[in-house]
Amino acid sequence: MALAFRFQTVARCSRPRWASNALGRIPLRSYSNAPSLLNDTLPLSGIRVLDMTRVLAGPYCTQILGDLGADVIKVEHPVRGDDTRAWGPPYAKYEDASKEGPGESAYYLAVNRNKKSLGLSFQHKSGVEILHKLAKECDVLVENYLPGGLKKYGMDYETLREINPKLIYASITGYGQTGPYSKRAGYDVMVEAEMGLMHITGARDGAPVKVGVAVTDLTTGLYTSNAIMAALLARARTGKGQHIDACLSDCQVATLSNLASSALISGQKDSGRWGTAHPSIVPYRSYKTLDGDILFGGGNDKLFGVLCDRLGFPEWKVDARFVTNSDRVQHRADIDTLIENVTQQKTTQQWLEIFEGSGMPYAAVNDIQGTLNHEHVQARGMVTEVDHPSCGPIKLVNTPIKYSEATPGVRSPPPTLGQHTDEILSGLLNYEKANISQLKDDGVIS
């Protein structure tokens, strides 16, 4: 009852509104022009987020919140913007040839949809005043500065809690707010190395390698968005906000999962890198084909039998070296060599057709373009097209979770730098045009 009342109350607040057309969601132009009806089907409709993050973990977190209906105000340096605006190529080129710069970077576009950009410098006292006013109007603040880095600007949790006791303040750092490494900056690759992931990633006899995407950043963004939503539920019950301490190092240790559990229970050193193979299941890896690679997962003896039959060698099922999984683990090199000698005789597509309907877990090893054009990815709506205000139609990866009673997705494209500054200051904070012009002249906003 209390929870329902809380969100009904939020829905009546003076928050940005969104309309829909037959093709999906279209952002309405401003706070001041917003109609009275929220899109209440989105789970976080009525929640406002002040996003003071940059690069990946923080923006990924706030993008998730935006996908779910939250109104996200992204605070950026008024000249440079988010660091990732300069991380290219590739860039989505500007339609207007006279516009300076190469375009909008693909990296930035990946994690900043469903947000509004406020170009603002909090080196200026008036910039801090604006942030304090925004913090009072927001439900959530997310930042990823070094611990204590925002205190000198009066943007730390203790200060903002006095302004807005209901504020949920999430801090994302490399190593957390406490501990001997807390003051250390931490990019994803450093944490992958120090917290075990790089050691277990790579070929069996090869060097340690990082994961192909910044997976520690992404899992930290996921954990933090989940923590924020839990804190919103707690606030609905208690009426109080709280500080969330999230960091890459903790999230990386958590996602070691069963491997960490094995090390804790056994007390033994881990078994190192396995490439695409599995330490306890054989066959379970990728094999070369005539034109690429295919992965098989023979998770039990029955599936191994299916694999043998479809490869055309049913006699392997009764070979004493391969009868049970334990046998196959012991003779891993023998069976893997036999399988790969066969798989290299046909193309990946031919093998996919042979194993279709077999019940055997199998998959082609696709590149990124192959993935984005995959028939299943397309059928699940994981690639969508939006109309960018400066670059025209661009394609983006869509939000992955489907709801029976809501349609999260890309309501608005990633914003250009400072695109919504005037809208936010005038429509939400009631600044006059003259005040806004003066702030621009002073270099406080853009």
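Glycine 69, with a positive phi near 110 degrees, follows helix 2 (helices, H or I of at least four residues, and strands, E of at least two, are DSSP runs numbered from the N terminus). The model is predicted, and local features need pLDDT of at least 70, side-chain atom pairs count only at pLDDT 80 or more, and totals for chains, interfaces and linings use all residues. Residues are numbered from 1 along each chain as its sequence is written, and side-chain values use heavy atoms, with hydrogens and water left out.

Helix 2 is largely enclosed by the rest of the structure, because 10 of its 11 residues are buried (under 20% relative accessible area, 1.4 Å probe, protein chains only). Among them are Cys61, Ile64, Leu65 and Asp67.

Helix 2 (57-67) is also one of the elements that each supply at least two residues of the lining of the largest pocket, as are helix 7 (215-238) and strand 15 (392-397). The lining residues divide into 27 nonpolar, eight polar and three charged (nonpolar: Ala, Val, Leu, Ile, Met, Phe, Trp, Tyr, Cys and Pro; charged: Asp, Glu, Lys and Arg; polar: the others, Gly among them).

Elsewhere, the axes of helix 10 (residues 301-311) and helix 12 (residues 332-343) come within 11 Å and cross at roughly 35 degrees (axes are lines fitted to C-alpha atoms over the stretch in contact, and angles run from 0 to 180 degrees between N-to-C directions). Phe304, Leu307 and Leu311 of helix 10 meet Ile335, Ile339, Val342 and Thr343 of helix 12 in this contact (heavy atoms within 4.5 Å). By class, the contact has six nonpolar, one polar and no charged residues.

Methods. Buried < 20%, exposed > 50% of the residue type's maximum accessible area, 1.4 Å probe, protein only.
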